[in-house]
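Subject: Structure handover

Hi,

Here is the structure I promised to pass on. Could you have a look when you get a moment?

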Amino acid sequence: MGRFLGHRLLGVLPVMFGVSVIIFILMHLAPGDVATVLLGPQATEVAKTELRHALGLDQPLPLQYGKWLLRTVTGDFGTSIATQLNVAALVLPRFLNTLVLTVASLLLAIVIGYSVGLFAALRARSVFDRVTITVTLLAGSTPPFWLGLILVLLFAIRLRWLPVSGMVDMAGDGGALDVLRHLVLPAVTTALGPAAIITRMVRSSIREALDRPHVRVARAKGLKRGALLRRHVILNALPPIITITGLQLGYLLGGALLTEVVFAWPGLGALLYDSITARDMPVVQATTLLIALSFVLVNIAVDVINVLLDPRLREA
Amino acid sequence: MALRAGLLAASALAIAATLPVSARAAGTLIWGMPAETDILDPHATGGWSTYQVTYQIFEGLAKEDLTKADVASPPLVPGLATSWDISPDGTVYTFKLRPGVKFHDGTAFDAAAVKFNFERFWDESSPNFYKKAKAFVIAYTKWIKAVEIVDPMTVKVTLKAANYQWLRQGLQSYGQPLMVSPEAVKKYGNDGIALHPIGTGPFRFVQRDQGVKTVIERNPDYWGTPAKLDRIIIRPLQDPATRVNALENGEVQIISTPPWDEIQRLVDAGFKLSTSPNVPYINFIHLNFKNPAIADIRVRKAINMAIDREGIAKEIYRSTGRAEYGMLSPGTDAYDPKFASYKYDPDGAKKLLAEAGFANGLKLTFELAQYGTGEIVETWIQRDLKKVGIDVELKKYEWITYMGKWAGGMGPDVAMNTIGWGMSTPAWIDIVSRCDSAPPGGINSGWYCNKEVDKLLDAAILERDTAKMKDIYQKANRLIMDDAAFVPTIDDLQPIVLSPKVKGFVNPPEDWFDLSIVSLD
Amino acid sequence: MSAAQIAPPRPFRQRHWRLAAFGRDWAAVAAALLLLTIGGMAVLAPLIGAYDPYEANNLLRFAPPGAPGHSLGTDQQGRDMLARLVWGGRVSLLVGVVPTVLASIIGLGLGILAGYARGIVDQIIMRVLDVLFAFPMVLLAIAVAGVLTPGVGTEIVSITIVLIPYVGRLARTATLSVVTMPYIEAARAAGGSPLAILLRYVLPNVLSPIVVYATTLMGLMIVVGSGLSFLGLGVQPPVADWGAMVADGRVVLRRAPHVTVLPGVVILAVSLAFNFLGDGLRDALDPRTGRR
């Protein structure tokens with residue numbers, strides 16, 4: 001197990017390296033001059049040249065990248081060009097906000113997906129099952145940003161039950177309950193798609209497991225359903241369910257971006273969008289790496305859990 | 001814990017229904033702004049959204065009085081200087097400083113503090129010099145020859161040449177020479193002022209959560225009339241729909257730049273609309289003299305005649321905009337509301353185009369920035385031009401890219417680009433229209449050049465008499481429009497929508513406001 | 001939109017097309033008909049419809065659906081919603097279909113190459129794909145679209161790049177499962193050139209799962225593409241695809257919800273139809289994995 005984990009973790013490094021190189025190149029391909037933006041339209045050419053020099057933007061690309069890499073490896077993510085804030089200090093709170101939204105959405109998706117999926121599997125071909133299939137298909141095809149707007153229209157504008165946007169009340173920090181009120185709509189918006197996928201996966205995995213010969217035998221022997229599920233079905237159905245759940249977490253981490261935009265949720269997505277449009281390279285790099293790293297680590301965690309459940313997979 | 005959170009989320013609908021919308025401290029005003037302020041160091045920043053905040057925290061030697069709405073331009077009044085004296089040749093300014101003023105950190109304001117600030121944004125030989133500040137405050141500092149302390153409460157600034165717009169030029173966006181606490185600069189460093197903005201103004205800085213909010217509170221030791229509000233929370237709400245929703249749900253009390261189509265509904269719902277007839281900027285199109293088609297004056301005139309400005313003002317701006325026919329901004333002493341140039345005349349435009357040899361149509365490229373408003377004004381213009389036979393391709397760039405393209409000047413394949421800009425000094429016209437303002441010397445993005453205009457503009461800043469100055473600028477304006485060098489389009493009347501609880505708000509002829517006179521019921 | 005939504009299905013071996021089976025699948029047939037209708041309307045947009053999608057009519061702003069002459073109402077500029085939806089489809093469908101096709105071709109090539117060549121080639125290709133895979137999908141698309149000039153071309157490029165690793169992985173897995181088959185070994189032993197073996201035996205076997213997968217992807221890419229347009233990174237005004245229409249309507253959500261609601265419903269319907277079509281194709285191609 002240790003070797004498996006070590007091997008996988010070692011594989012993270014080249015991936016992260018590749019991600020940072022791609023972002024670096026992409027940002028340099030981008031048109032638009034940081035100096036003009038920072039100094040305003042009236043700045044002299046001399047001032048712009050000096051600023052580019054001060055920011056090291058006049059150096060050859062590989063050198064710029066090398067310097068960035070060296071600093072980053074030592075844990076220094078630099079200073080945001082646009083806001084003059086320490087990048088780590090800027091990015092970390094946003095990351096936590098995104099995490100709040102992500103985890104809440106994931107929990108919601110799991111609660112809905114596991115319970116509805118299990119229920120539908122046990123009542124195959126029932127009305128409930130058919131409705132579930134239809135609803136999950138619909139939910140899986142719904143554009144999340146659009147769904148968010150529809151929910152805002154219904155619950156925030158028409159009914160006024162919930163706030164329209166933001167993470168806390170505009171007047172200040174309203175505490176956990178306040179965050180919770182603000183969390184409901186974005187979490188539902190983000191969770192719906194993943195919930196649909198998890199539901200379908202749970203449903204089909206459980207049914208496949210129920211169909212296996214030894215389960216049929218056990219059932220024929222008159223084993224009670226609760227015991228049957230616990231002993232024979234759930235464990236067998238679990239690996240694909242865990243895989244799909246983990247993948248959803250990865251998706252939620254990055255893809256909540258659109259939800260964050262719709263609800264003005266102060267997360268990484270909005271920060272990334274702002275810093276790309278401001279050509280704020282240090283922030284873009286730190287944000288992307290953080291999201292990619294989380295994504296890769298979640299994927300590894302999923303693999304590890306699956307290996308723990310079924311050691312045969314280690315060879316695969 | 002995680003599970004509990006999930007359960008709570010499920011029942012939050014019920015909780016939410018029973019809670020009041022929000023509970024907030026008395027005297028706290030929350031303002032939904034369309035953009036985030038960049039950094040709060042007034043010497044080293046550009047945007048108007050920033051000065052809407054820094055105006056409350058910092059003051060200059062002279063300041064613009066923003067407590068009056070019904071004036072042509074904001075009166076220039078004593079700020080941290082109680083008076084100033086200008087030598088007969090116009091080159092020496094002697095400032096008498098206001099006694100008894102303290103910065104928010106307790107540092108005394110005196111001639112040494114003023115000198116320190118000039119060193120920071122102007123004097124390259126000083127250890128206090130800050131390169132970035134000079135790059136921004138350049139419109140002001142490029143005139144300075146020397147700064148001397150006469151006595152602890154008197155400072156003398158000598159200019160390289162006379163310029164009677166100089167004080168006003170220092171109070172525009174893109175770098176203002178406002179007074180920053182020298183102690184704060186020493187303590188936090190030049191870069192640190194952005195995070196520790198310490199001035200002398202009626203409000204002092206409390207807290208900043210980048211992208212989420214900026215909080216300022218009343219300065220109890222203010223030298224002038226203290227602010228009425230206890231606290232102001234500035235919330236960047238980029239999405240217009242979010243701003244409207246927040247206002248209607250009582251979460252904010254003021255929003256700027258409301259969506260035009262929502263204004264009437266908000267007014268009907270009991271909110272107050274405030275507009276300013278004299279905003280110091282206009283929206284206009286640079287026409288590119290390097291483009292072969294545009295080089296023909298008949299084409300430039302035709303474009304000017306083809307656009308239904310009144311229609312745009314009425315139908316898109318919903319009467320919070322005004323058709324504009326000249327290039328001088330309202331909000332300056334030189335503006336003439338009666339100035340007329342090319343009236344809407346699509347048939348005349350067609351005729352001119354035919355004369356220019358484009359009877360069978362013309363294809364032009366129009367570059368613009370992506371504002372997030374759906375670019376409805378530009379698409380309207382595109383339709384108007386189509387009607388006279390000009391096919392316009394809109395090329396939209398996100399802001400940063402666009403800034404570079406606009407400030408760098410247009411290439412010959414581009415016909416026009418657009419921006420909304422201006423200042424409360426008519427000397428702004430220099431930056432976009434002088435021959436030597438061609439990029440990179442300035443932002444004459446369309447490479448317009450008329451020596452006669454330059455001569456008039458040279459004379460204008462040397463004119464101390466306001467009436468005569470106005471006359472010269474009007475002549476320049478006439479020449480520019482005779483050349484059809486630009487297409488002035490629409491003034492935005494700076495609509496602000498307020499909760500009826502907000503009292504005393506004044507929408508002055510400036511891009512920012514004095515919030516010390518505002519109160520809440 | 002999510003990684004899992006586009007998680008490659010298990011590869012399957014080619015069977016003969018079973019048109020009859022497809023024909024019995026009413027959902028797939030209905031989906032195909034819907035897509036043909038919408039696609040046809042989009043293609044023929046200049047020939048049908050009474051209105052110019054870009055012509056504003058200030059007297060007729062915010063007309064609700066069912067207004068005389070405007071069956072789906074008008075938007076905030078008084079433009080006919082139906083005309084805009086039809087014209088918007090030209091861009092939205094393009095952005096859903098073209099990148100998927102491009103990515104399928106590139107991904108197929110890379111995947112087969114990796115799976116067939118094995119060894120160092122496989123390693124290099126898969127590590128590069130891993131890097132692309134490590135970006136959450138929307139993120140990479142936004143990064144690409146954010147730094148290039150916004151426009152349909154950029155949207156297509158960014159979605160294509162995003163999709164390549166997904167198709168590539170599936171193609172490689174499918175190739176691996178085929179190359180160990182006895183008949184391939186036999187063909188090799190008989191001295192068949194690698195190219196001939198690839199074209200003759202490997203490609204046909206790998207193609208069917210890719211076709212099915214790509215069909216499902218198209219639906220998702222309609223959603224992803226509309227998301228990019230929603231953020232303003234896609235098509236430029238006055239042309240609007242469905243995502244941009246949702247974004248346009250957002251400001252007037254209170255006053256005229258139909259401006260936002262309608263394009264969303266169309267995106268949903270088309271995305272759903274591609275899903276049904278994909279399911280139908282899969283059932284027709286490989287009955288073992290048929291829906292239960």
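Below is what turned up, chain by chain and then residue by residue.

First the ground rules. This is a predicted model, so local features need pLDDT of at least 70 and side-chain atom pairs count only at pLDDT 80 or more, while totals for chains, interfaces and linings use all residues. Residues are numbered from 1 along each chain as its sequence is written, chains are lettered from A and ligands numbered from 1 in the order in which they are written, and side-chain values use heavy atoms, with hydrogens and water left out.

**Chain B overall**

Chain B has 17 helices and 22 strands; these are DSSP runs numbered from the N terminus, with helices being H or I of at least four residues and strands E of at least two. Its radius of gyration is 24 Å, close to the 24 Å that the globule rule gives for 521 residues, so chain B is as compact as a globular protein of that length. (That radius is taken over C-alpha atoms, and the rule is 2.2 Å times the number of residues to the power 0.38.) Along the principal axes, the C-alpha trace of chain B spans about 70 × 70 × 40 Å.

As for burial, 63% of the 521 residues of chain B count as buried. Buried means under 20% relative accessible area, exposed means over 50%, and partly exposed is in between, with a 1.4 Å probe and protein chains only. The accessible surface of chain B is about 18,500 Å², and carbon and sulfur atoms hold 54% of that; areas come from the Shrake-Rupley method with a 1.4 Å probe, and for residues only the protein chains shown count as cover.

Of the contacts in chain B with a separation of 6 or more, 68% are between residues 24 or more positions apart, where contact means heavy atoms within 4.5 Å. On charges, chain B carries 58 positive and 62 negative side chains, and the centres of the two sets lie 1 Å apart. Lys and Arg count as positive and Asp and Glu as negative, leaving out His and the chain ends; each charge is placed at NZ of Lys, CZ of Arg, CG of Asp or CD of Glu.

**Aromatic rings**

A search of the whole structure gives 26 aromatic pairs over all chains. Rings of Phe, Tyr and Trp (its six-membered ring) pair if their centres lie within 6.5 Å; planes under 30 degrees apart are stacked, over 60 edge-to-face, and the rest tilted.

One of the pairs is B:W84 with B:F95, which is tilted at 6.3 Å centre to centre and 50° between the planes. B:W84 sits in strand 4 (residues 81-86) of chain B and B:F95 in strand 5 (residues 92-97), so the pair ties together parts 11 residues apart in sequence. B:W84 is partly exposed at 23% relative accessible area, whereas B:F95 is buried at 0%.

Then there is B:Y140 with B:W166: the ring centres are 4.4 Å apart and the planes at 10°, so this pair is stacked. B:Y140 lies in helix 5 (residues 138-141) of chain B and B:W166 in helix 6 (residues 166-169), so parts 26 residues apart in sequence are tied together. B:Y140 is buried at 4%, and B:W166 is buried at 0%.

**Chain C**

Chain C has 10 helices and 0 strands. Buried residues make up 60% of its 292 residues, and its accessible surface is about 11,100 Å², with 69% belonging to carbon and sulfur atoms.

**Some residues to look up**

- A:T98 is in helix 5 (residues 87-122) of chain A and is buried at 1%. Its C-alpha atom is 7.0 Å from that of A:L253, 155 residues away along the chain.
- A:K48 is in helix 3 (residues 45-54) of chain A and counts as buried at 7% relative accessibility. Beyond its neighbours within four places in sequence, A:K48 is in contact with residues including A:D33 and A:T36.
- A:R125 has a positive phi near 65° without being a glycine, and is exposed at 56%.
- B:A484, also not a glycine, has a positive phi of about 45°. B:A484 lies in the loop between helix 17 (466-482) and strand 18 (486-488) of chain B and is buried at 0%.

Cheers
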